[in-house]
Amino acid sequence: MEKYGVEVEDKKPKAKEVGLQELPGTHENIVLRFAPNPSGPLHIGHSRAAVPNAEYVKRHNGKLILRVEDTDPKRVFEPAYEMIPEDLEWLGIKPDEIVYQSDRFEIYYDYARQLIEKGAAYMCTCDGATFKELKDNCQACPCRDNSVEENLELWEKFNTMKAGDAVLRVKTDIAHKNPAIRDWVAMRLVDETHPRLGNKFRIYPMMNFSVAVDDHLMGMTHVLRGKDHLANSEKQKYLYDHMGWDLPEFIHYGRLKMEDIALSTSKAMAGIEDGTYSGWDDPRLGTLRAIARRGIDPRTIYNLITEIGVKMADSAISWKKIYGLNRNFLEPVANRYFFCEEPQLISVENYDGGKVDIERPLHADHLDRGNRILPFDGKAYLAKRDISDGIFRLMDAVNVEINGDNVSYHSTSFEDARSVKARIIQWVPVEDNVNVKIVMDDASTKTGLGEGALKDLEVGNVVQFERVGFARLDEIKDDELIFYYAHK
RNA sequence: GCUCCGGUGGUGUAGUCCGGCCAAUCAUUUCGGCCUUUCGAGCCGAAGACUCGGGUUCGAAUCCCGGCCGGAGCACCA
């Protein structure tokens, strides 16, 4: 086409990875981080941050750092130091490195001093309200004009001052159109015992300071964070600028609204303390350990978060969606069993088939897994809710007619059941059964009997109780199996 | 209130940068059918969307302006 002088359009290749948009900036030697505050175990909301970071690292063979942001002793829950890596592991995420910001205070002090020496930060002794008043009117506070020497002197004395009497501020633009950006706080005094540091330090970095210093020092190529950090990214850019550092690619993603579980970590903690919840893995909580306990496959969460991606628009995820995706993982692995809630013993009148062993496959699509055997001799347990007048087929056994308290033999073949449109119901053998308790997602329980073959299961196995739903075996007691309910 | 950011079926996404191949992708959901055996599973099929109004253009989900709706931030928390 050149000879006609026509520009041939040169569109960008559209070979995008499925589910997660391509990372802007470099793809070589990328370094990403997941940086939670250790205030509790990870919940679904955290996976919003952890999964895309991990997935990009995986795709580009980069490096993932788990950085524990424990620079506010009031918001550190000590067991979280252990729980967070466990939760990540469950998600299938293995950080290449783990760092704790509480190990890095000296580094932050060093950079704070450098900033002061550059005239890019100053010690501010105004009280908060006064500063805010001035700031809101685009006015610098008197401290802003202190000399470098005065600032260094105050910085040296900082540790001896009373908490609240002074802070270190980073100079930005006192007339910045967003008041939040104007001369933000980098360091403050905290008189609180830190779980890892004890009372070793009183000068604590603010998140914006420690994060920016660390992101630079650790060589982050991309910084993924929620859009609630939009203003913080803006603040941090001033620090990069003062120090002459290259900016990483900042990527902000929208809020994740999770149906039903608006439970914050602090509310969950309060509920655990007052006994409302059984623990961090209470089925009502949105923690990863809670949904793991219910038999949700980690890939369900990983894939869902990957699909949602890192766009700026908010998204709402529903349990229906999670269950729908999870079912695809559970369906092929979960063997089928009979369970009867509130079992009622019935005796089939006029049954003369004798004692038979009924065999049913563990999984209709995977016959190689073998069969379970359900002995039947005219008596069985039925779920209370299944008992009503009419003709029913005790699955794979016999067809019965129920009339009030009377249960009588009708026929045996499936064809007979079909011809009268008998509903098929599950039953549990009298001779071979086991007590079963199912803890539902609202923490209520269903108790009843399950078929004897359930005794072969191990903790962690997920089964499908026919017509009830999927459930994970959580505990084997002497006389009872305890399952946690996943979903239908 | 101020600053900023979004808006594709019920939900989550693809497509938007570089307008035509989009009477719009895939998943979930809902509904219907099937199934010698789960009328709560499975299989098959169907339904359902470009926030609104202008503008530019031969042509707009895509570009421009405005409205509406939604969200975030405005800490000595992260």
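This is a predicted model: local features need pLDDT of at least 70, side-chain atom pairs count only at pLDDT 80 or more; totals for chains, interfaces and linings use all residues.
Strands of a sheet pair through backbone hydrogen bonds, and they may do so in parallel or antiparallel fashion. Strand 18 (residues 390–394) and strand 19 (residues 399–403) run antiparallel and are joined by 4 bridges. Within this pair, isoleucine 391 stands opposite glutamate 401 of strand 19, and phenylalanine 392 has valine 400 as its bridge partner in strand 19. Strand 18 also pairs with strand 21; here the two run parallel, with 3 bridges between them. In that pairing, the bridge partner of leucine 394 is isoleucine 425 in strand 21. In a regular strand, the side chains alternate between the two faces of the sheet.

Strand 18 and strand 19 form a hairpin with 4 residues between the strands. In this hairpin, aspartate 396 takes a positive phi near 70°.

How many residues surround RNA strand B? There are 56, and the closest are Arg75, Met206, Arg255, Arg423 and Gln464. Which classes of residue make up this surface? It has 31 charged, 15 nonpolar and 10 polar residues. On the RNA side, sugar or phosphate accounts for 67% of the atoms of RNA strand B within 4 Å of the protein, and the rest belong to bases.

The bases have polar contacts of their own. A polar side-chain atom of arginine 423 lies 2.9 Å from a base nitrogen of RNA strand B. Glycine 164 takes part through its backbone instead, with a polar backbone atom 2.7 Å from a base nitrogen of the RNA.

Several elements each supply at least two residues of the surface near RNA strand B, among them strand 6 (185–189), helix 7 (230–243), helix 10 (298–308) and helix 12 (414–419).

Another open sheet has 3 strands in the order 1-2-3, with parallel pairing. Strand 1 (31–34) and strand 3 (97–100) stand at its edges with a single partner strand each, so one side of each is left without a neighbour in the sheet. Neighbouring strands here are turned by 30° against each other on average, direction ignored. Strand 2 (residues 63–68) runs parallel to strand 3 and is joined to it by 4 bridges. In this pair, isoleucine 65 has glutamate 97 of strand 3 as its bridge partner.

The last feature is an empty space. Rolling a probe the size of a water molecule over the atoms shows where such space is left. The second largest pocket holds about 230 Å³ of space. It is lined by 14 residues, of which Arg385, Asp386, Glu466, Arg467 and Val468 lie nearest its centre. Which element gives the most to this lining? Strand 13 (residues 339–341) does, with 3 residues. By class, the lining of this pocket divides into 7 charged, 6 nonpolar and 1 polar.

Terms used
Residues are numbered from 1 along each chain as its sequence is written. Chains are lettered from A and ligands numbered from 1 in the order in which they are written. Side-chain values use heavy atoms; hydrogens and water are left out. On a 1 Å grid over the protein atoms alone, a cavity is a set of points where a 1.4 Å probe fits but cannot get out, and a pocket is an open set with protein on both sides within 12 Å along at least five of seven lines; lining residues have an atom within 4 Å of a point. Grid points are joined across faces, edges and corners, and a volume is the space filled by probe spheres set on the points. Ala, Val, Leu, Ile, Met, Phe, Trp, Tyr, Cys and Pro count as nonpolar, Asp, Glu, Lys and Arg as charged, and the others, Gly among them, as polar. A residue is near a molecule or strand if one of its heavy atoms lies within 4 Å of it. A polar contact is a pair of N or O atoms within 3.5 Å; within protein, one must be able to donate a hydrogen and the other to accept it, and residues adjacent in sequence count only if both atoms are side-chain atoms. Two strands pair if DSSP finds at least two bridges between them. Axes are lines fitted to C-alpha atoms, for helices over the stretch in contact, and angles run from 0 to 180 degrees between N-to-C directions.
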